[in-house]
Amino acid sequence: MTHISFNDYVKYITQQFTSYIDTPAEEKKGRRQNSKSVTPVYSSRWLGVIPFILKAAKKNMN
């Protein structure tokens, strides 16, 4: 597991925030509409996060 320093974390958050602010409003609106149109996976929609946890645990065991 890698550990990230606090300064690197602040730098990353600042870069993400800056790129979000610099993105045109039309592109943000298009992204939101696009993400709303994508249907969630059946197992996640009905069973929540449990299938994800089980898959991750199985992957870590192998």
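Q: Which range of relative accessible area counts as partly exposed?
A: Buried means under 20% relative accessible area and exposed means over 50%, with partly exposed in between. In this predicted model, isoleucine 13 is partly exposed because its relative accessibility is 39%.

Q: Where is isoleucine 13 placed, and which residues form a nonpolar patch on the surface?
A: Isoleucine 13 belongs to helix 1, which covers residues 6–22. The nonpolar surface patch is formed by Ile4, Phe6, Tyr9, Val10, Tyr12 and Ile13, and together these residues have about 630 Å² of accessible area.

Q: How many helices and strands does the protein have?
A: The secondary structure comprises 4 helices and 0 strands. Read from the N terminus, the order of elements is α-α-α-α.

Q: What span should helix 4 have at 1.5 Å a residue?
A: The expected span is 1.5 Å times one less than the number of residues. Helix 4 (residues 50–61) has 12 residues and should therefore span 16 Å; its end C-alpha atoms lie 17 Å apart, which agrees.

Q: Why does helix 4 lie largely in the open?
A: A residue is buried when its relative accessible area is under 20%. Of the 12 residues of helix 4, the number buried is 1, so this helix lies largely in the open. For the protein, 5% of the 62 residues count as buried.

Q: What radius of gyration does the protein have?
A: The protein has 17 Å, whereas a compact globule of 62 residues would have a value near 11 Å. The C-alpha trace spans about 40 × 35 × 15 Å along its principal axes. The accessible surface comes to about 6400 Å², with 61% belonging to carbon and sulfur atoms.

Key. Residues are numbered from 1 along each chain as its sequence is written. This is a predicted model: local features need pLDDT of at least 70, side-chain atom pairs count only at pLDDT 80 or more; totals for chains, interfaces and linings use all residues. Side-chain values use heavy atoms; hydrogens and water are left out. Patches are made of residues with over 30% relative accessible area and no salt bridge: like charges are joined within 9 Å, nonpolar side chains (Val, Leu, Ile, Met, Phe, Trp, Tyr) within 5 Å. Accessible areas come from the Shrake-Rupley method with a 1.4 Å probe; for residues, only the protein chains shown count as cover. A salt bridge is a side-chain nitrogen of Lys or Arg within 4 Å of a carboxyl oxygen of Asp or Glu. Helices (H or I, at least four residues) and strands (E, at least two) are DSSP runs, numbered from the N terminus. Buried means under 20% relative accessible area, exposed over 50%, partly exposed in between (1.4 Å probe, protein chains only). The radius of gyration is taken over C-alpha atoms; the globule rule is 2.2 Å times the number of residues to the power 0.38.
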